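Here is a friendly note for anyone opening this structure for the first time.

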Amino acid sequence: QTLENRKRCLWDLKELGYQVGSGFMVGSPGQSPETLAEDLAFLTELQPQMVGIGPFIPQRDTPFADRPAGSVEETLYLLGLIRLLLPGCLLPATTALNTLDGDGRRRGVLAGANVVMPNLSPQDVRGKYLLYDNKAHEGCEAAQAIGHHKA
């Protein structure tokens, strides 16, 4: 599926009355200042209800395994910029941000994020859902921990 088709699907869903979300990985292979500017212009035009961004993190089983991870600092900057561009959107401080910086979720909120994204996969199946290596988790975010967490 092409980028144009994916964008058209978002516009179609929005036209039908659905809430839409969009986003990108900061520092992903092939990203340039020009493509980043295009992404920000698209978000501004689309006005999605949610924007998910986080730093690119390589995953060992992909063709991008040897690529460098995206920048935490650039991600924080872009969170702040998106907050200014889309003041009413849901803007998560992502698990990816916390994976590269153990204080990433807090720093993301300070930069403009207003949602914290935990790793919600139950611990016994997390290995099936590794989008990148060393995915951060606190160990008690999944639903099976309800009632077991001590404050």
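This is a predicted model: local features need pLDDT of at least 70, side-chain atom pairs count only at pLDDT 80 or more; totals for chains, interfaces and linings use all residues.

**Notes on the helices, their contacts and the salt bridges**

1. H1 and H2 are roughly parallel to each other, a term for angles under 35 degrees, where over 145 is roughly antiparallel, 65 to 115 roughly perpendicular and the rest oblique. The two helices pack at an angle of about 15°, and their axes lie 12 Å apart. Axes here are lines fitted to C-alpha atoms, for helices over the stretch in contact, and angles run from 0 to 180 degrees between N-to-C directions.

2. Residues are numbered from 1 along each chain as its sequence is written, and side-chain values use heavy atoms, with hydrogens and water left out.

3. Which residues bring H1 and H2 together? From H1 come Lys7, Leu10, Trp11 and Lys14, and they meet Phe42, Glu45 and Leu46 of H2; contact means heavy atoms within 4.5 Å. The residues of this contact divide into 4 nonpolar, no polar and 3 charged. In this sorting, Ala, Val, Leu, Ile, Met, Phe, Trp, Tyr, Cys and Pro are nonpolar, Asp, Glu, Lys and Arg are charged, and the others, Gly among them, are polar.

4. Is Phe42 buried or exposed? Its relative accessibility is 11%, so Phe42 counts as buried; the cut-offs are under 20% relative accessible area for buried, over 50% for exposed and partly exposed in between, with a 1.4 Å probe and protein chains only. Setting aside neighbours within four places in sequence, Phe42 touches Lys7, Leu10, Trp11 and Ser22. Phe42 and Ser22 are 20 residues apart along the chain, with 9.5 Å between their C-alpha atoms.

5. H2 has another partner in H3. Helix H2 (residues 33-46) packs against helix H3 (residues 72-85) at an angle of about 30°, with the axes 10 Å apart. That makes H2 roughly parallel to H3. H2 passes H3 in a right-handed crossing. On the H2 side the contact uses Leu36, Leu40, Leu43 and Thr44, and on the H3 side Glu74, Leu78, Leu81, Ile82 and Leu85. By type, the residues of the contact of H2 with H3 are 7 nonpolar, 1 polar and 1 charged.

6. Stepping back, the protein chain has 5 helices and 4 strands. These are DSSP runs numbered from the N terminus, with helices being H or I of at least four residues and strands being E of at least two. Along the sequence the pattern is α-β-α-β-α-β-α-α-β. Of the 151 residues in the chain, 37% are buried. Among contacts with a separation of 6 or more, 60% join residues 24 or more positions apart.

7. How many salt bridges does the structure hold? There are 4, each defined as a side-chain nitrogen of Lys or Arg within 4 Å of a carboxyl oxygen of Asp or Glu. One of them pairs Arg8 with Asp12, with the closest N and O atoms 3.0 Å apart. Arg8 and Asp12 both sit in helix H1 (residues 3-15), 4 residues apart, about one turn of the helix. Arg8 is partly exposed at 43% relative accessibility, and Asp12 is partly exposed at 34%.

8. Glu73 and Arg107 also form a salt bridge, at 2.6 Å from N to O. Glu73 lies in helix H3 and Arg107 in helix H5 (residues 104-111), so the pair ties together parts that are 34 residues apart in sequence. Glu73, Asp101 and Arg107 are linked in a network of salt bridges. Arg106 and Asp103 meet in a salt bridge too, at 2.7 Å from N to O.

9. Finally, please check Gln47, in the loop between H2 and strand S2 (50-55). Gln47 is not a glycine, yet its phi is positive, about 55°. Most residues other than glycine have a negative phi. Gln47 is partly exposed, with a relative accessible area of 39%.

Methods
A crossing is left-handed if the near helix is turned anticlockwise from the far one by less than a right angle, and right-handed if clockwise.
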